[in-house]
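Subject: Structure handover

Hi there,

Here is the structure I said I'd pass on.

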Amino acid sequence: MMRKKIVAGNWKMNLSLQEGVSLFSEIANMVKDEVRGEQEIIVCSSFIHLASLSNYSKSQNNIHIGAQNLSHEENGAFTGEISALQIRSTGASHAIIGHSERRAIFGESNELLSQKVNKAIEHGLTPIFCIGETQEERESGSFFEVLKEQLKKGVFHLSAQDFSKIILAYEPVWAIGTGLTASPDQAQEVHAFIREEIVNQYNQEVADSISILYGGSCNPGNAGELFAKDDIDGGLIGGASLKSRDFLDIINVFNV
Ligand code: PEP
């Protein structure tokens, strides 16, 4: 089965509403002019941008819009939280769940993240579920165990049918925003490991259908070598997704 090739941008907590709309329209125009391939493009913005970007995207092109987080609760007295239903109502279709910044800075546990995954799926949002080891875990050699635990507690409770709806992202924490990138071989090794874990938990068919993105200082200079690897199906792009030219060049890695 052919897996989807995907490039997703993670704008993090950047850009005013006006700046976000302006960057998005720039990206959308460039996509219209330059992208001919079948790759899926997703832009994950702050909540404040979602409705405007979704409206723009609907009328202009088909870039998917995603949130970067969501509440594990359905609705009610949770001041400051944003629910899956609310995100869906903006027209957004995806949500990053378990980004390492959420895990490390906001203390989100594997257990909490599994509830967020359930909420997303319940409301028809596609989770982009992130896993990744720290520098220390990489150096101590425990990283396969860490990744296995993140998968087991975060997403392996799903039925095969629901699991097939998600996108996974391998984001080594030591490579995020640091300018350090996993080498294509290091990334491929982990992606193949993740796919094997999916075979063990579900089956080969499910494993073959899941897109696994690489994230961590991906840029136009290194995306080609990374995305050429068998088990790397695209990228989750932080810093470089804020520059339209860089983001487009990464998307177009699939067209050369
Ligand atoms: C990310 O935050 O998901 C990410 C991959 O960031 P960067 O590309 O800036 O390392």
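Below is what turned up around the ligand, in the pockets and in the cavity.

First, some housekeeping. This is a predicted model, so local features need pLDDT of at least 70 and side-chain atom pairs count only at pLDDT 80 or more, while totals for chains, interfaces and linings use all residues. Residues are numbered from 1 along each chain as its sequence is written, and side-chain values use heavy atoms, with hydrogens and water left out.

**The ligand**

There are 14 residues around the ligand, and K12, H99, E171, G177 and S217 come nearest (a residue is near if one of its heavy atoms lies within 4 Å). G238 uses a backbone N or O atom, 2.9 Å from an oxygen of the ligand. On its own the ligand has 290 Å² of accessible area, and the protein covers 96% of that (Shrake-Rupley method, 1.4 Å probe). The shell around the ligand divides into four nonpolar, eight polar and two charged residues (Ala, Val, Leu, Ile, Met, Phe, Trp, Tyr, Cys and Pro count as nonpolar, Asp, Glu, Lys and Arg as charged, the others, Gly among them, as polar).

**The pockets**

On a 1 Å grid over the protein atoms alone, a pocket is an open set of points with protein on both sides within 12 Å along at least five of seven lines, and lining residues have an atom within 4 Å of a point. The largest pocket has a volume of about 380 Å³ (the space filled by probe spheres set on the points, which are joined across faces, edges and corners). Its lining has 14 residues, with K12, M13, Q68, R102 and F106 closest to the centre. Helix α4 (residues 100-105) gives the most to this lining, three residues (helices are DSSP runs of H or I with at least four residues, strands are E runs with at least two, numbered from the N terminus).

The second largest pocket comes to about 190 Å³.

**The cavity**

A cavity is a set of grid points where a 1.4 Å probe fits but cannot get out. The largest cavity has a volume of about 40 Å³. Its lining includes E171, G98 and C130, and α4 and β5 (126-131) each supply at least two of the lining residues.

Cheers

Notes. Polar contact = N/O pair within 3.5 Å; in protein donor to acceptor, adjacent residues only side chain to side chain.
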